[in-house]
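Hi there,

Here is the structure I promised to pass on to you. Have a look at it first, and then read on for what I found.

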Amino acid sequence: MYSFPVLVSAQHTVSVHMAEEHSPLLPNVRVISRFTRRWDLLIMLSVLGLLHNIVWNTWGPLAQTTSKLYGWDQSTIAIFANTSSIMFVIMFIPSAFIIRKSLKTALLVASGAMALGTTLRAAFLTDPEGNPGQFTIFCHICAVLNGISAPLLGCGTMLLAFLWFPQEELSTALTISQIFYNLGPGLPFLMAKQMVQPVDDATDIPSNVDLNNDMQWYLYSQAIPSVLFFIFIVVYFPSGQSRPTRSNLPDKASKCMSEIKSIAVKKTSWFIALGSAIPQGIMRAWLAMMVFDLQQVCFGAECITQGWINTLAIFATISSTIAGVAAVRIIHLSNRTLKITIGILYMFATLVFIYLTLVSLGIVHSATVVKAHISILFLTVTGYSLITSSLPLTLKLAMSTMAPASEVTVACWLNFWLNIISIVFLSMFSISGIGSSWLNYILPVSSAAGLCFILPLQVHQDL
């Protein structure tokens, strides 16, 4: 999301070292040594993003389990997920100043907050017979602390690839970014399925004590990697400022605000911002709430279970990762071709989600329950992959069409509206009496809305 100034500053440091070196032989060695650290930063931010998304989607895969243990409803789960987007908006500007002061400080704050939040949550897991109120409070604290890292993540690693890597390495860098970005929200479904006993089988419901023990290990499986990553940053990452001087910081802030004002008055900026934010923001947020959407789908007396939905999410994550890797292979195409490609992805996603809605509502009937499950599996996986694979394409298209605004400003613009859309979507769950039937229509509507904003977008013929 907002790791971009870090990347530009580190690249600037390379040129400073080159200018300060007088020996004719040493500059080459210095440049290679410093320049190759872009891979270190890419991996660090990708892993941090992976951990952030795992913690962000902790409770979505366990909606029925947490309802049994703690009495949580869909609004509580939605608030946990919504906190990350809210913290992005709150920490947007403070994170920029922290990053410009020191790259190590920024990474320590982000990873340290995540480690603290996950540790507190695991340490204060409530007794199965006790009052879950205290544990709920610590879960909210964890969500807030995890959200502190939000401005560093999102498509920040993808922007790093565009800014730092030469053309011959760009596909590899973007592939790494896409793999970590897409796997993050889906891994909790796999972890929950493997570590927490299902509560779907009415004839063999585990006791609260057994579920609580499973939940303890589930939370530790997130806390331990977060703590280890924080220790790794402390030990590995060298101290030092990310920029050699801070005297021009007010000027740069003024320039950034000037760029934001200039793009805010252009229709093109709004078309591409909303055209990417509405389908992508809702799709990612919907993944965290998909249990509430799909568990209401029934065929006769048999309804879709939490365990089956978790399996569906795992397949969707794997498929979207493959689709995202494939998408980065065409980012070199012209603006016009990128626009057409994004439009095609949105169009097919709209059709797929319309058919999914018809199946979910029982308007399109399946011969057997198994065939209905296969249809929902195929349609959900396909639609999710189509939308998520458009992310690198819309970022590349935005950086080209919104020039001369800097890549950093463009990425901030897109991420800001993506988080705003996510906040609006997740806040809907807190409206009293709204239910969950509206979720049947939100995916086709959001995909169609994205298509409507992308189609009138005016782009240049060439990059």
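Does alanine 173 count as buried or exposed, and what is its relative accessibility? Alanine 173 counts as buried, because its relative accessibility is 0%. Before going further, please keep in mind that this is a predicted model. Alanine 173 lies in helix 9, which runs over residues 167-195.

Now the overall picture. The protein has 463 residues, and 55% of them are buried. Its secondary structure consists of 18 helices and two strands. If you take the contacts between residues at least 6 apart in sequence, 86% of them join residues at least 24 apart. The accessible surface is about 19,000 Å², and carbon and sulfur atoms account for 67% of that.

The whole structure holds 18 aromatic pairs. In one of them, phenylalanine 124 and phenylalanine 138 have ring centres 4.2 Å apart and planes at 5 degrees, so this pair is stacked. Phenylalanine 124 sits in the loop between helix 6 (103-123) and helix 7 (133-147), while phenylalanine 138 is in helix 7, 14 residues apart from its partner. The two partners also fall into separate accessibility classes: phenylalanine 124 is partly exposed, with a relative accessible area of 35%, and phenylalanine 138 is buried, with 16%. Another pair joins phenylalanine 416 and tryptophan 417, and it is edge-to-face because the planes meet at 90 degrees, with the ring centres 5.3 Å apart. Phenylalanine 416 counts as partly exposed, at 28% relative accessibility. There is a cluster as well, in which ring pairs link Trp59, Tyr70, Trp72, Phe80 and Phe135.

Helix 13 covers residues 306-327 and contains asparagine 310. This asparagine 310 counts as buried, since its relative accessibility is 3%. Setting aside residues up to four places away in sequence, asparagine 310 touches Pro61, Phe189, Ala192, Lys193 and Val291.

Helix 14 covers residues 335-360 and contains glycine 343. With 8% relative accessibility, glycine 343 counts as buried too. Beyond its neighbours within four places in sequence, glycine 343 is in contact with Leu451 and Ile454. Its C-alpha atom is 9.4 Å from that of serine 390, which is 47 residues away along the chain.

Finally, the surface. Trp217, Tyr220, Ile224, Leu228, Ile231, Val234 and Val235 make a nonpolar patch of about 720 Å². One of these, isoleucine 231, is placed in helix 10 (residues 208-236), and it counts as partly exposed at 43% relative accessibility.

I hope you enjoy looking through it.

Best wishes

Technical notes
Residues are numbered from 1 along each chain as its sequence is written. This is a predicted model: local features need pLDDT of at least 70, side-chain atom pairs count only at pLDDT 80 or more; totals for chains, interfaces and linings use all residues. Side-chain values use heavy atoms; hydrogens and water are left out. Helices (H or I, at least four residues) and strands (E, at least two) are DSSP runs, numbered from the N terminus. Buried means under 20% relative accessible area, exposed over 50%, partly exposed in between (1.4 Å probe, protein chains only). Contact means heavy atoms within 4.5 Å. Accessible areas come from the Shrake-Rupley method with a 1.4 Å probe; for residues, only the protein chains shown count as cover. Rings of Phe, Tyr and Trp (its six-membered ring) pair if their centres lie within 6.5 Å; planes under 30 degrees apart count as stacked, over 60 as edge-to-face and the rest as tilted. Patches are made of residues with over 30% relative accessible area and no salt bridge: like charges are joined within 9 Å, nonpolar side chains (Val, Leu, Ile, Met, Phe, Trp, Tyr) within 5 Å. A salt bridge is a side-chain nitrogen of Lys or Arg within 4 Å of a carboxyl oxygen of Asp or Glu.
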